[in-house]
Amino acid sequence: MFNNYDSVERLVQYAQTLMDFTERCGVERLDNLAKHLGIDLNFQPDALEEIANAGIQLNVWQKAIVSRAIHQDIQVVWDAIGVLEENMRRNNPCASDRADLLIKAIQHKWKPNSAA
């Protein structure tokens, strides 16, 4: 049985492997691999546009997480964007923190504070 540290470590290893693959083989082969594995890296334009408007540049594994969330439950992504927007109004985190916050909000299914 894996604990949370093991799961995170495994995810980091997969992400590094994916980034290495992309660097060696290119994005087209990554797309083919993603299709073979049933992972859709294509975004719904509205969600992608909102993420870009927030000044967020996602790396390959972050794109895969967002893409999977879009196809499983788009509301989770919209909620995460809302959380991010609230945080930016209060704290204005740097660009890399924004991507990390978005991913955490998706993974933990955070909802924006409606009272804010």
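Reader: Where does isoleucine 81 sit?
Author: Isoleucine 81 is in helix α5, residues 74–91. Helices here are DSSP runs of H or I with at least four residues, strands are E runs of at least two, and both are numbered from the N terminus.

Reader: Experimental or predicted?
Author: This is a predicted model, where local features need pLDDT of at least 70, side-chain atom pairs count only at pLDDT 80 or more, and totals for chains, interfaces and linings use all residues. Residues are numbered from 1 along each chain as its sequence is written, and side-chain values use heavy atoms, with hydrogens and water left out.

Reader: OK, is isoleucine 81 buried or exposed?
Author: Isoleucine 81 counts as buried because its relative accessibility is 4%. Buried means under 20% relative accessible area, exposed over 50%, and partly exposed in between, with a 1.4 Å probe and protein chains only.

Reader: Which residues is isoleucine 81 in contact with, leaving aside neighbours within four places?
Author: Those are Ala47, Glu50, Ile51 and Leu102. Contact means heavy atoms within 4.5 Å.

Reader: And what else is buried in α5?
Author: The buried residues of α5 include Val77, Ala80, Leu84 and Asn87.

Reader: What span should α5 have?
Author: At 1.5 Å a residue, the 18 residues of α5 should span 26 Å, and the end C-alpha atoms are 26 Å apart, so the two agree. The expected span is 1.5 Å times one less than the number of residues.

Reader: Zooming out, how many helices and strands does the protein have?
Author: The protein has six helices and zero strands. Of its 116 residues, 31% count as buried.
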